[in-house]
Amino acid sequence: MILLYFLYGLAFEGLGLATYLQLRREGDFPLKKELPWLAAFGIVGGAAGWVEMFLVSGSLTEVENALSILRVALHLLTGLLLLRFGWGMLNNLDPLPAWSIFIPGILIVPIAFVITYASTTFITPSPIEIPIEIWTRYLLYLPGSLLAGIGFMRQWYAQRKLGLQDVSNLMLGAGLAFLFEAVVMGLIVPAAPYGPASYYNYDRVIHNAFIGESIEVQPTYGLSAWLDYQSVLNTTGLPIEIWRMFSAVIVMFFVVKALDVFEAIRKRQVLDLQADRDRAQQEAFEAQIQARITAENWTNALANISRRIAELEHVDDILVYIVKNIQKLLPTNFVGVAIHNQESSVLELKCHGTNDEVRLLANETIVIQNSLILNAMQNSSSYCSNGSETGKVFDGVCFFNGQHAHAIAIVPLKLENTTIGVLWIAHSDHQYTDTDLIWLESMADQVAIAIQHGLMTSQLQSLSIIQERGRIAREMHDGLAQVLGYLNLQVQTLGSLLNQGKTEKLQAELLQMRQAIQTAHADVRENILSLRTTLAQEKGLEAAVDEYLTEFGIQTGIRTRFSYEINGDLDLSSIAEVQLVCILQEALTNVRKHAKANCVDVVITKADHRNIAQIHMQIMDDGVGFSMAGSRRSFGLQTMRERAESVNGSILIQSNNGSGTIVECWLPCLQPEQLQKQSVVIR
Amino acid sequence: MNVREWALPVYTILMQLAVGSLFVLWLIRSFSGSRFSHRDIERIIQNPMLVIAFTAVVAMVGAHFHLSRPFHSFLAVLNFKSSWLSREIVFSISFFLLTILLLYFTFFQMHQRTIITILGWVAILIGIVLIYCMARIYLIPTQVAWNSTTVIFSFYVTALMLGCMAIACLLVLDLKFAEIKKSDDVELRADVIRYSFTGLTGMTLLLVALSFIIIYIQLRLLSQGDQIARTSLDLLLQLYLPLFIMRLTFLLFSSGYLGTAVYQISRLKVTPQSLMMPVYISCLLIMVGEIIGRFLFYATHIRVGI
């Protein structure tokens with residue numbers, strides 16, 4: 001028996017020690033918080049067993065009373081520690097369901113009755129240690145073991161759900177071990193005159209209340225004495241201490257094994273976390289690279305578009321280029337550019353891009369009627385679908401590709417705070433993000449800038465004509481001012497000569513005045529003719545030059561011949577046309593003023609000169625000619641040369657005294673791709 | 001005592017608990033009408049009503065175990081005109097049925113406020129009569145220790161004391177539950193506790209004082225009684241003295257503990273959720289004290305004659 005109690009105490013001490021060693025592990029595993037209570041339970045329970053051993057041995061009779069009290073105290077403490085461990089296992093590892101808050105309330109009445117019943121049994125004549133031990137086991141060991149068992153069962157379920165089969169099996173083993181411990185340590189008690197360990201006869205309660213344990217039990221309701229030490233020994237052949245020792249060993253085994261597995265799982269989880277972290281870092285790095293590449297692509301595209309605009313490429317070409325870039329940089333099934341037609345107040349599709357082509361709509365009119373696009377135009381606000389739109393809301397978004405859109409991003413085209421159109425992209429399933437919309441807005445800005453430059457180029461042509469008109473008007477004004485000033489002085493001179501009676505000198509001065517007036521008259525008439533010719537640009541160069549020469553001939557009396565030998569288009573820029581006319585006017589002015597010619601021929605042809613198609617104008621007169629060096633006409637010649645060179649042309653003047661003058665002017669034609677056709681976008 | 005003997009304390013305690021709880025709950029319901037909306041109050045009393053009905057059911061079931069032939073219990077109602085026991089059973093059944101009906105209206109006919117009010121007060125009236133019948137069973141000359149009007153008063157005091165503590169415990173548990181579930185009426189429940197707990201605690205303290213007075217009177221009566229009365233007194237003060245002291249200690253401690261906690265709520269603005277431990281401990285100790293008292297009531301009587 002002494003050996004039995006020694007081994008009994010050793011088993012519990014082993015449980016306590018093994019649990020304590022697990023506490024020293026690193027890491028934060030779920031069970032760690034509750035292990036101190038289990039370790040304490042084992043150590044104190046082992047101490048209680050060894051005290052029992054000394055009591056049974058009878059070797060320390062002088063301290064037997066103290067040992068009895070110590071045993072009772074250790075017994076109580078062991079039960080409290082087990083109860084605390086069980087409560088921690090049940091409640092602290094995983095939160096209990098909300099309805100469990102009512103369990104203490106529901107159990108308050110049964111608990112009160114049990115406490116009262118327990119209290120009443122203490123007044124029996126039997127030794128006080130018996131009810132203490134019995135109620136310690138019923139009220140502390142039993143619920144503590146049950147709670148611990150249920151707690152481990154919950155852990156079994158939780159670990160199974162996480163897929164940790166090895167740990168869950170160990171949790172199940174520990175749970176069953178504690179349930180076994182609940183029976184052997186909490187239910188099996190010393191024989192006593194009260195239930196449920198033994199049943200006490202009803203009749204004896206009146207006269208023999210709480211006499212002692214030697215009462216012969218008379219079973220009622222079929223109950224008999226059970227769950228006491230003797231019945232266990234009779235049934236199993238082993239004393240209860242052996243079974244309690246087994247329960248301690250089994251609990252220790254499963255708890256230690258479970259902690260080993262937890263440690264392995266913890267390490268595995270740390271490795272998994274590290275791998276996840278590395279993977280996340282790698283993904284973040286790749287995402288950064290991708291974002292940078294995307295930003296670079298967009299920057300390059302926008303820079304290329306800006307360069308083309310700065311180089312004054314045709315606005316339609318720039319628009320096509322923009323649409324192609326949008327197709328490359330954003331997922332699209334359709335790209336559309338529509339401009340608002342102010343005359344008909346409709347939104348017309350001007351350019352579109354599908355998976356197959358990018359095209360301008362030059363000869364057909366497609367009116368946009370989709371409500372989303374029209375709303376964006378009217379409200380001058382961007383719009384991006386979010387996937388919640390259904391049905392016909394995307395009708396009339398895509399054209400020419402037969403696809404139906406399920407996502408759209410729309411951006412208004414704004415020119416000087418006025419919305420002139422919209423740019424939109426559509427896709428059959430990809431949903432656009434706010435980032436896509438921002439990029440699209442930057443493209444829309446480029447479209448607006450390109451349109452603005454196109455408008456400014458048209459205005460530039462008109463401005464050249466207006467500037468030339470202004471120059472002629474200033475010349476006319478300056479010339480007239482000079483002549484009038486000269487005439488004013490001459491009149492005063494005439495007055496003086498008249499007073500002095502110098503009739504011959506008076507006639508000479510009058511003759512000079514007449515010549516000056518005639519010259520000024522001719523100049524004014526020429527300038528007026530120049531103005532009319534400049535204004536007549538809309539009629540075409542041939543008609544304008546022909547009309548000018550005819551009028552020149554009438555005014556000056558010089559016979560003019562004009563030959564226009566160009567078939568087809570002139571292929572000159574508008575500025576070059578203006579300069580050509582000005583050069584002609586300057587040359588004819590020189591003819592009028594200095595050549596004393598009878599006839600002047602003007603020929604305009606197109607020929608290759610220095611391997612470039614050029615317009616060749618030749619002005620030939622039969623006048624007196626002039627010496628190239630030191631000529632009074634050098635300023636006018638310089639002006640002609642500057643005009644020609646301003647449009648990449650050249651001048652050649654040939655003249656000799658007495659042999660007339662030939663003025664030849666070459667102006668380069670526009671290349672085929674530079675031909676100034678009418679823009680589809682700007683009309 | 002064996003199982004059959006314990007069935008009587010179970011039945012009487014639980015039935016008095018049910019009656020007392022219903023009375024206290026109805027007082028709260030009536031006085032809260034001016035401060036809270038009817039709908040809120042009806043919602044708050046649902047869970048306590050469920051517990052009261054369940055307690056009445058358990059009491060009715062437990063009552064059968066003190067009979068030697070439980071399946072013949074229906075025969076006990078046949079002597080209503082002459083037997084307090086029959087009257088007790090009839091009024092028990094009536095109270096039980098009214099409680100079940102009240103439960104139905106509370107959960108499924110919440111809008112029928114007038115009917116609920118009337119039903120509640122009728123059930124309380126039946127319960128009051130029931131407790132009187134319970135007590136009158138013991139007022140017979142052969143049961144010397146029981147033959148005193150103090151028994152009637154002690155039964156009523158027990159009922160009210162248990163009712164106060166049970167309702168207090170249920171309100172706090174409900175609040176805790178609502179908090180865990182993140183319900184939208186947490187503040188409402190806390191307000192009801194703040195509003196009602198001062199009254200509940202005051203009533204409990206008053207009832208504990210009344211208990212002591214009744215105990216003193218009973219001891220005086222026993223000491224001044226005949227031989228059998230004095231034998232009962234000796235049993236109480238000798239064999240059962242530890243239990244008697246336990247009872248008094250539990251009553252005093254729990255009332256002091258609860259009073260302190262409620263004072264902190266009202267003065268220091270501590271949240272009502274912190275009342276859970278003091279209310280539960282106090283409720284448990286008062287219940288243990290009253291069950292011990294009922295055990296002593298049965299254990300100390302000496303029967304005269306057969």
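I count a residue as buried if 20 or more other C-beta atoms lie within 10 Å of its own, as exposed if 12 or fewer do, and as partly exposed in between, with C-beta atoms placed from the backbone. The model is predicted, so local features need pLDDT of at least 70 and side-chain atom pairs count only at pLDDT 80 or more, while totals for chains, interfaces and linings use all residues. Residues are numbered from 1 along each chain as its sequence is written, and chains are lettered from A and ligands numbered from 1 in the order in which they are written.

**Helix α8 of chain B**

I looked up the buried residues of α8(B) (227–237) and found B:Ser232, B:Leu233 and B:Leu236. They line one face of the helix, because they fall within an arc of 100° seen down its axis; the arc is that of the directions from the helix axis to the C-beta atoms.

**Chain A overall**

I noted 16 helices and eleven strands in chain A; these are DSSP runs, numbered from the N terminus (helices H or I, at least four residues; strands E, at least two). Of its 683 residues, 32% count as buried.

**The sheet of chain A**

I read the strand order of an open, antiparallel sheet of six strands as β3-β2-β1-β6-β5-β4. Strands pair if DSSP finds at least two bridges between them. The edge strands, β3 (358–360) and β4 (383–384), each pair on one side only. I found two bridges between β4(A) and β5(A) (407–415), and A:Tyr383 has A:Ile410 as its bridge partner in β5(A).

**A:Asp571**

I located A:Asp571 in the loop between β7 (559–565) and α15 (574–595) of chain A. A:Asp571 is partly exposed, with 19 other C-beta atoms within 10 Å.
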